[in-house]
Amino acid sequence: MGRIFVVDLEGRTFTCKSCKTHLALADELFSRGISLPQGKAYLFSNVVNITAGPHEERMMISGMHTVADIFCCCCGQLVGWKYEVAHEKSQKFKEGKFALERGKIMDGADSEFYIDTHLSISDAEDA
């Protein structure tokens, strides 16, 4: 088994709720409006300190996508997924981006409070 190298980010970060490992910079936040049956997610252009599962076809609120679940590299917590392929033309902007579930991450700027979940925009409205 290899050694895990963790990237420490500088600036306002989003971290794994379980182990506080840095996952993304606020500057990489692409959209706050991803809706899921189990809650909301943020869409990021880039994330770090994750491992990816196998690609799978998944029907989402915005249509069919090929995605790979992503896990925190330190604690193994499922934190979201990566959009590999969007089958709907209007959703192509998501390809190569990462969705982090709001209930599984924390805003490192103020780790005592959960990220604002009062937004009500669906991911279909991001296009």
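Predicted model: local features only at pLDDT ≥ 70, side-chain atom pairs only at ≥ 80, totals over all residues.
Q: What makes the K94 side chain's link to the side chain of S62 a polar contact?
A: The distance is 3.1 Å. A polar contact needs a pair of N or O atoms within 3.5 Å; within protein, one must be able to donate a hydrogen and the other to accept it, and residues adjacent in sequence count only if both atoms are side-chain atoms. As for location, K94 sits in the loop between β7 and β8.

Q: How do you know that β1 and β9 pair?
A: DSSP has to find at least two bridges between two strands, and β1 (residues 13–16) has 3 to β9, running antiparallel. C16 has I105 in β9 as its bridge partner. Strands here are DSSP runs of E, at least two residues long, numbered from the N terminus (helices are H or I, at least four).

Q: Why do β2 and β9 stand at the edges?
A: The open sheet has 3 strands in the order β2-β1-β9, paired antiparallel. β2 (22–25) and β9 (105–107) each have a single partner strand, so one side of each has no neighbour in the sheet.

Q: What makes β8 a partner of both β4 and β7?
A: Bridge counts again: β4 (residues 39–44) is joined to β8 by 4, and β7 (residues 78–86) by 3. Both pairings run antiparallel. A41 stands opposite E101 in β8, and W81 has A99 as its bridge partner there. As for side chains, F98 and L100 point one way from β8, A99 and E101 the other, and all are buried.

Q: What makes the 14 residues a nonpolar core?
A: The term covers buried Ala, Val, Leu, Ile, Met, Phe, Trp, Tyr and Cys residues joined through side-chain atoms within 4.5 Å. The largest such set has 14 residues, with F44, V47, V79 and L100 having the most contacts inside it. β1, β2, β4, β6 (63–72) and β8 each supply at least two of its residues. Another core, of 9 residues, lies apart from it, with L36, L43, W81 and A99 among them.

Q: Why is the F14–F44 aromatic pair called edge-to-face?
A: Its rings are 5.3 Å apart centre to centre, with 65° between the planes. Rings of Phe, Tyr and Trp (its six-membered ring) pair if their centres lie within 6.5 Å; planes under 30 degrees apart count as stacked, over 60 as edge-to-face and the rest as tilted. So F14 and F44 qualify as edge-to-face. F14 lies in β1 and F44 in β4, so the pair ties together parts 30 residues apart in sequence.

Q: How do you know that Y42 and F44 form an aromatic pair?
A: Their centres are 6.3 Å apart, and the 75° between the planes makes the pair edge-to-face. F14, Y42 and F44 form one aromatic cluster. F14 is buried at 1% relative accessibility, and F44 at 0%.

Terms used. Residues numbered from 1 in each chain as written. Heavy atoms only, no water. Buried < 20%, exposed > 50% of the residue type's maximum accessible area, 1.4 Å probe, protein only.
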